[in-house]
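Visitor: I would like a friendly walk through this model before I use it. Could you show it to me?

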Amino acid sequence: MNNIHKTKIQFIAIAAILLSLIIPQKASAIPSFARQTNLSCSSCHTIFPELTAFGRLFKLNGYTMTGIRTIKGKTAKGNVDLNLISISPLSAMIQTSYTNVSKPIPGTQNNTVDFPQQLSLFLGGQITPHIGTFVQITYDNQGASFGIDNAEIRYANHTKLGQKDLLYGVTLNNNPTEQDVWNSTPAWGFPYAGSAVAPGPDAATLIEDPLAQNVLGIGAYGLWNNLIYGEFSLYRSAQQGAADPPDATSNSTIKSLAPYWRFAIQHQFGNQYIQVGTFGISANLYPSGITGLTDDYTDVGFDFNYENNFDDNSFTAHSSYIHETQNLNATFAGGGVSNPSIALNKFQINGNYYLHHQIGFTIGYFNITGDNDAIFYGGNISQTPNSNGFTFQFNVVPWLNTKFAVQYVAYNKFNGSTDNYDGTGRNASDNNTIYLLSWIAL
């Protein structure tokens, strides 16, 4: 047995022993949203960050539901001009992790420990009776610095439409799909945490990550009769750590406005819940500078969510498919791609079973496919982005704000091939990853 295999067994054994020793009988300790509502985390989450029906409504209502005393002020005429929650809206999260890659990346050390992998501070909750906020500031250990993470301000209210309730609102946010309330879109999709140092597929659609925290969007949304949801938003570049306003030194700048849309139908029947929907974004980006040709992206996605709560247990399933059309006029003119128009697809599905809201098992499958291009994917022997594999995760949640996880990512194909994908003899399975995580919110 080689040293790498011994190390894997040792860490898994230690993790399993530690986890088995710390499972208590009751849950306690809840962050700012729970303090504001005076409800347990399980009211909004199956296992955080997955949302329940109540959690989705809490978010759509602008994070403004309260279950505690508020501090009120009145004018001389008796009008309320102040209504503050009586507790601090601050909370924090820390993630610490260990990563082992099946075969180390040449020139790097294996068995990486990150402490912290991520440290986040949150400002979240009601500002006024109709306006609330979720702002995340995160410490990045690789950059050794704090920076803006997901951030949103919402206004929400209710009216009647056709004698049925219409929940409507406005969202101001910095990450397309961050405002979404389903766990099938990129910002809040599985896996909810992953290794920051393990190798991953090169290809990703625009809506998955590149725009995150580098844009500002404003949009309007509505939920009619707790059944039909619709949203339309517009995004503009608001890059962090770059020229402001954007200039010739800027990269990936939106030319004008990037429209984002979301439509979903949901239904609750007994203990079961189902949702189907579509989402997408269209953006014209300057690869560099702010003039000349653009690269044009259109992402169209479809998603599905299912929940079943029985006794003290639950089963959830999430799936999504994204098709991206890339018209790379600027990159083609610069010789960075062989074909001016190519496509990229991402499919994923996962199922989760939670026992007593304390022990959870997840199996996920992902598949990335796309067109062949000799230049764009020139680092891959197959000259395609194709990657697929499985993610297995075991969670222990001794308290509702504390999670310990063991995750294993297994690749069948990586960056286009199963074997020798980069021409150096490295195989897809060489990137298989064991990841241990502690995740605490307070």
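Guide: Gladly, and we begin with two terms: pLDDT is the predictor's confidence in each residue, from 0 to 100, and a contact means heavy atoms within 4.5 Å. This is a predicted model, where local features need pLDDT of at least 70 and side-chain atom pairs count only at pLDDT 80 or more, while totals for chains, interfaces and linings use all residues. Residues are numbered from 1 along each chain as its sequence is written, and side-chain values use heavy atoms, with hydrogens and water left out.

Visitor: Over which residues does pLDDT stay under 50?

Guide: The protein chain averages a pLDDT of 88, and 92% of the residues score at least 70. Helices (H or I, at least four residues) and strands (E, at least two) are DSSP runs, numbered from the N terminus; among these elements, helix H1 (residues 3-21) has the lowest mean pLDDT, 40. Where pLDDT is low, the predicted coordinates should not be read in detail. The model has 40 contacts beyond four places in sequence for the stretch under 50, which is residues 1-30.

Visitor: How many bridges join E16 to strand E17?

Guide: Two strands pair if DSSP finds at least two bridges between them. On one side, 12 bridges join strand E15 (residues 341-355) to E16, running antiparallel, and these two form a hairpin with 3 residues between them. Strand E17 (residues 387-399) also runs antiparallel to E16, with Gly364 opposite Thr391. The number of bridges joining E16 to E17 is 10.

Visitor: Is Ser97 buried or exposed?

Guide: Ser97 is found in strand E3 (residues 90-101), and it touches residues including Thr112, Asp114 and Tyr435. The cut-offs are under 20% relative accessible area for buried and over 50% for exposed, with partly exposed in between (1.4 Å probe, protein chains only). Ser97 has 3% relative accessibility, so it counts as buried.

Visitor: With which side chain does the side chain of Ser97 make a polar contact?

Guide: A polar contact is a pair of N or O atoms within 3.5 Å; within protein, one must be able to donate a hydrogen and the other to accept it, and residues adjacent in sequence count only if both atoms are side-chain atoms. For Ser97, the pair lies at 2.6 Å, and the partner is the side chain of Gln117.
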